Each structure stands twice: as C-alpha cells, then as structure tokens.
Amino acid sequence: MVLNPDICVIGGGAAGLSVAAGAAAFGVPVVLIERGRMGGDCLNFGCVPSKALIAAAKHAQGIRAAEEFGIVTGEPIVDYERLQARVHAVIGAIAPHDSAERFESLGVKVIADAARFVDDRTVAAGDHLIRARRFVIATGSSPAVPAIPGLADTPYLTNETLFDLKRLPEHLVIIGAGPVGLEMAQAYRRLGARVTVVESGKALSSGDPELVAIVLDAIRDEGTVLHQETAILSVERHAGGVRLHCENIQGRFFIDGSDLLLAAGRAPNHASLDLDVAGIRHDAKGIAVGTDLRTSNRRVYAIGDAVGGLQFTHVANYHARLVLQHILFRLPASENRDIVPRVTFTDPELAQVGAGEAEAREKSGRVDVVRWDFSANDRARTDGLGRGLIKIIVGRRGRILGAAIAGAGAGEMINGFAFAVANRLTLKHFRGYVAPYPTLSEIGKQASISYYAPVARNPLVRSVIGMLRYFG
C-alpha cells in the first residue's frame with residue numbers, strides 16, 4: 001500500500017508525537033511510524049518512571065530527616081513491590097495521552113512497524129510504502145553499552161530494564177556519573193540500597209564545578225560511594241552478583257555488587273533506517289543536521305535524541321516546534337542551544353541555562369558573576385534547605401547571559417532565568433518585580449539586587465540620595 005501524506009514522522013517518542021499532534025491540529029495529513037512502545041523512552045523508561053522513583057526516595061529521606069524538625073520517627077520501611085507498582089501506575093496514567101488510539105483519533109495514520117528508507121523520498125514500514133512531502137526522523141536513543149571486557153557475559157541493567165526490577169538491590173554499582181547515574185544513585189541509596197558509582201572522568205562534567213561540588217557533597221553525605229577518574233578494566237560475574245576490576249591514581253582495586261546499572265550515555269537509534277540510501281549523513285553520535293534541523297536530504301528533518309547533543313524531552317519538544325514552524329508556515333527556524341535549560345534532579349538539584357562563567361568570558365570579555373547563597377534566604381532556613389548557591393552571569397548593561405543554581409527547587413527557579421536569557425533581559429527586570437515572601441524564588445531577586453549594591457555605596461550617589469531626602 002502506498003501512502004502520500006504531507007509529513008511522515010518516524011518515531012513515536014516525545015519529539016515525534018509533538019510533530020504529529022501539531023501537524024494534525026492544522027489538518028495536515030500525517031503518518032506516524034513506531035516500532036516499539038508509544039511514548040518512547042521518556043514515558044516508558046526515562047523521565048516518568050525515574051521521577052516517580054525519585055519522589056518515593058524523597059519521602060523516605062524525609063522520614064529520616066524528620067527528627068531535625070522535632071518529629072521522632074524510625075528508619076523507613078520500603079515495600080519495593082508496592083513502590084514499583086506505583087511507578088508503573090504513573091506510567092499507565094499518562095500512557096493514554098501518547099497512545100496510538102489517541103493519535104488515530106486526531107487524524108494521524110499510525111503504523112506499528114520498523115521503518116527504513118528505500119530511496120531518497122520513500123520509506124517502507126511493513127507492507128506500506130510512504131512517499132511524503134517531508135520526513136521527520138525522531139527515533140530517539142538507547143543506553144550506550146561501553147566496551148568493557150567481560151560486560152557481554154555479565155548481567156546488567158539499563159534504564160530500560162531497571163524499572164522492572166522486582167526487588168531492592170542490596171548493593172547497586174552504577175557505571176557513569178552523569179545526571180541519570182547520580183539521580184538513580186541517590187534514589188536507591190535513600191531507598192536503602194548500598195550504592196557505588198564509577199566514573200571514568202569527572203562527575204557531572206558539563207556543570208559548573210563549584211555547584212557540582214555542592215551536589216556531590218550531598219550525595220556522598222548520604223552514603224553513596226563515588227569513584228571519579230577511574231577506569232574499569234573488566235567486569236565479571238561473582239558470588240551471585242558482579243565484580244568490577246578498576247584502576248585509578250591510587251592503584252588497582254575491585255568492587256563487588258549485587259546489581260550493575262549502565263548509565264554511561266546514550267546512542268542514537270538510526271542504524272536500521274538505511275540512511276545512506278536516502279543520502280542522509282550520519283555517524284555514531286547522531287544524524288547530521290543544520291541549525292534548521294534539516295539533514296543532507298532536504299526532504300528530511302531529524303530532531304530530538306536522533307541528532308545527539310542535548311538529550312532532554314524539552315529539547316525534543318523545542319525541536320518539534322521549530323520543524324513545524326518551518327514545514328507548515330515556511331518561517332525561519334534555527335536552533336539556539338543557549339536558551340535550553342539543563343536540570344539534574346538530584347537533591348539538591350542542579351540547573352543551568354545560557355553561558356557558563358568560562359564560556360561567557362571567552363565570548364564576551366568582561367563579565368560579572370553575581371552570587372547568592374541559599375543560607376541567606378529565609379524560606380531556605382525555615383525548611384532546612386540552606387545548602388545551595390545561585391550564580392548569575394551578567395554582561396554589559398546588566399544583561400543576563402546565563403545562570404546556574406545548585407539547591408532545592410533549582411529546576412523550578414531556572415525557569416525565570418531561561419525566560420530572561422531567551423528574551424535578552426537584564427537584572428533590572430529581576431530587581432523590579434515583586435516576589436512573594438517567604439519563597440525560594442526570592443533568591444534570584446536578592447542576587448539581582450546585590451548586583452546594584454556597589455552603585456548605592458558610591459559617595460556621589462549617596463550624597464544625591466541624601467539631598468533628595470532633605471529637599472523632598
């Protein structure tokens with residue numbers, strides 16, 4: 001059967017579903033091809049289940065911390081089967097929104113099969129041939145499996161199998177100290193497992209080192225063991241679990257654990273698409289695109305994890321909007337990664353948007369860094385959340401070039417700064433609005449006010465203010 005839609009979307013994850021739903025809303029004929037579960041990684045194996053697990057772990061930690069507030073409790077009892085049942089219930093509650101049935105009701109033709117290009121303008125999926133005006137590749141990514149001797153013969157978990165585990169690991173060993181590795185490390189430690197993390201480089205290496213240190217200190221304080229700049233020489237089955245043979249500057253050692261979780265990055269899912277047949281450039285890191293997200297085949301766009309780079313659900317949605325803007329309305333669309341926030345959902349959280357301090361100095365020359373400690377905020381004090389810091393990178397005339405936050409609620413607070421960076425706002429805008437008291441969001445306002453404090457201390461300014469008061 002030959003189909004001739006305006007748009008053919010390959011991949012039913014966050015990126016592909018956003019394109020399909022948006023195009024269908026304007027009455028555009030769309031074919032959506034998905035070989036696996038609708039909703040993709042985010043719904044089934046990523047954001048949704050991981051945040052549900054983190055929420056449970058936060059409740060467990062809250063019970064432990066209750067004594068600090070004068071409430072006497074004991075060590076929390078974790079019913080892991082019930083916990084996992086809730087995780088899957090959360091997935092199940094969201095799944096209908098991403099289902100094939102819903103998208104069919106929107107007018108999208110959904111094909112449950114694998115897709116591959118047969119020429120530069122035709123895709124085959126099952127017994128269908130799709131010759132679309134435009135194609136959008138949104139095939140996402142899968143957990144990367146590092147080339148470690150013995151790993152192929154050793155049982156291991158990834159984010160695609162972790163949430164099917166029926167028992168709490170006794171000792172979870174995690175390879176990788178990026179956002180996923182550390183989020184899961186802290187969550188499982190709070191649920192009662194022993195946790196060890198091994199990282200070949202620096203933990204959270206893309207973050208501001210000063211703010212990363214705040215997060216790592218908190219994770220270590222809760223009992224997680226973290227080995228940075230450590231090579232894994234080999235992995236093997238051992239005593240019903242796993243053994244990692246490692247080496248770092250202190251020498252060789254081994255780690256025995258009950259379970260092994262791989263969190264060493266992601267690999268794009270494009271190997272089965274036969275991209276070469278369609279003249280689409282690609283490599284192991286992803287599909288090559290321009291800032292307009294077009295591939296080397298002008299009929300074809302690629303978005304989300306398929307192109308590598310920033311691999312977040314909100315990036316997938318951002319890409320979808322740009323592609324729809326370009327395809328449906330012929331409006332210029334160019335990706336701007338400076339406006340995309342990044343959040344690691346540890347406790348404290350780590351969030352960043354825009355340029356970091358070193359990058360801003362390299363691009364803009366002289367910049368100022370405004371800092372404000374969480375311990376100076378009244379709400380942080382009342383809630384016992386004093387561990388944290390905000391850093392705002394400020395350019396000429398007070399323009400906000402970037403911001404980074406380590407602390408409770410950082411993922412929520414970064415929204416305001418993401419808006420500021422996207423709209424080229426200055427600290428005057430933050431200084432001028434009224435923040436409710438007491439809230440953690442005041443921290444950004446307090447930091448903004450502090451930027452102008454040196455001006456107020458200028459003798460000339462103080463004398464003018466004094467004259468105005470006297471004659472006013």
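## Basis of the model

Helices (H or I, at least four residues) and strands (E, at least two) are DSSP runs, numbered from the N terminus. This is a predicted model, in which local features need pLDDT of at least 70 and side-chain atom pairs count only at pLDDT 80 or more, while totals for chains, interfaces and linings use all residues. Residues are numbered from 1 along each chain as its sequence is written, and side-chain values use heavy atoms, with hydrogens and water left out.

## Annotated domain

UniProt, in an unreviewed entry, places the feature "domain: Pyridine nucleotide-disulphide oxidoreductase dimerisation" at residues 340-446. UniProt positions are given in the numbering used here, feature names are shortened, and annotations may be inferred rather than shown by experiment. Over residues 340-446 the chain is 35% helix and 27% strand, with 24 Å between the end C-alpha atoms.

Strand β10 (residues 171-175) pairs with β16 in the parallel sense over 4 bridges; two strands pair if DSSP finds at least two bridges between them. Asp259 in β16 is the bridge partner of Leu172. In a regular strand the side chains alternate between the two faces of the sheet. In β16 (residues 259-262), Asp259 and Leu261 point one way and Leu260 and Leu262 the other, and all are buried. Buried means under 20% relative accessible area, exposed over 50%, and partly exposed in between (1.4 Å probe, protein chains only).

Thr196 belongs to strand β11 (residues 194-198) and counts as buried because its relative accessibility is 6%. Leaving aside residues up to four places away in sequence, Thr196 touches His171, Leu172, Val173, Ile174, Val225, His227 and Ile255, where contact means heavy atoms within 4.5 Å.

## Helix α8

Val215 sits in helix α8 (residues 209-221) and, at 0% relative accessibility, counts as buried. Its contacts, not counting residues up to four places away in sequence, are Leu204, Thr346, Pro348, Glu349, Leu350 and Ala406. Val215 and Ile390 are 175 residues apart along the chain, and their C-alpha atoms are separated by 13 Å.

## Salt bridges

The structure holds 21 salt bridges, each defined as a side-chain nitrogen of Lys or Arg within 4 Å of a carboxyl oxygen of Asp or Glu. One of them joins Lys202 and Glu229, with the closest N and O atoms 3.9 Å apart. Lys202 lies in the loop between β11 and α8 and Glu229 in the loop between β12 (225-227) and β13 (231-238), so the pair ties together parts that are 27 residues apart in sequence. Lys202 is partly exposed at 49%, and Glu229 is partly exposed at 47%.

Arg387 forms a salt bridge with Asp221, the closest N and O atoms being 2.7 Å apart. Arg387 is in the loop between α11 (378-382) and β24 (389-394) and Asp221 in helix α8, so this pair ties together parts that are 166 residues apart in sequence. Arg387 is partly exposed at 39% relative accessibility, whereas Asp221 is exposed at 57%. Glu247 and Arg252 also meet in a salt bridge (3.8 Å, N to O). Salt bridges that share partners join Asp208, Glu210, Glu357, Arg361, Arg371 and Lys391 into one network.

## Nonpolar surface patch

Val2, Val118 and Leu129 make a nonpolar surface patch of about 220 Å². Patches are made of residues with over 30% relative accessible area and no salt bridge; like charges are joined within 9 Å, and nonpolar side chains (Val, Leu, Ile, Met, Phe, Trp, Tyr) within 5 Å. Accessible areas come from the Shrake-Rupley method with a 1.4 Å probe, and for residues only the protein chains shown count as cover. Leu129 lies in strand β7 (residues 128-130) and is partly exposed, at 36% relative accessibility.
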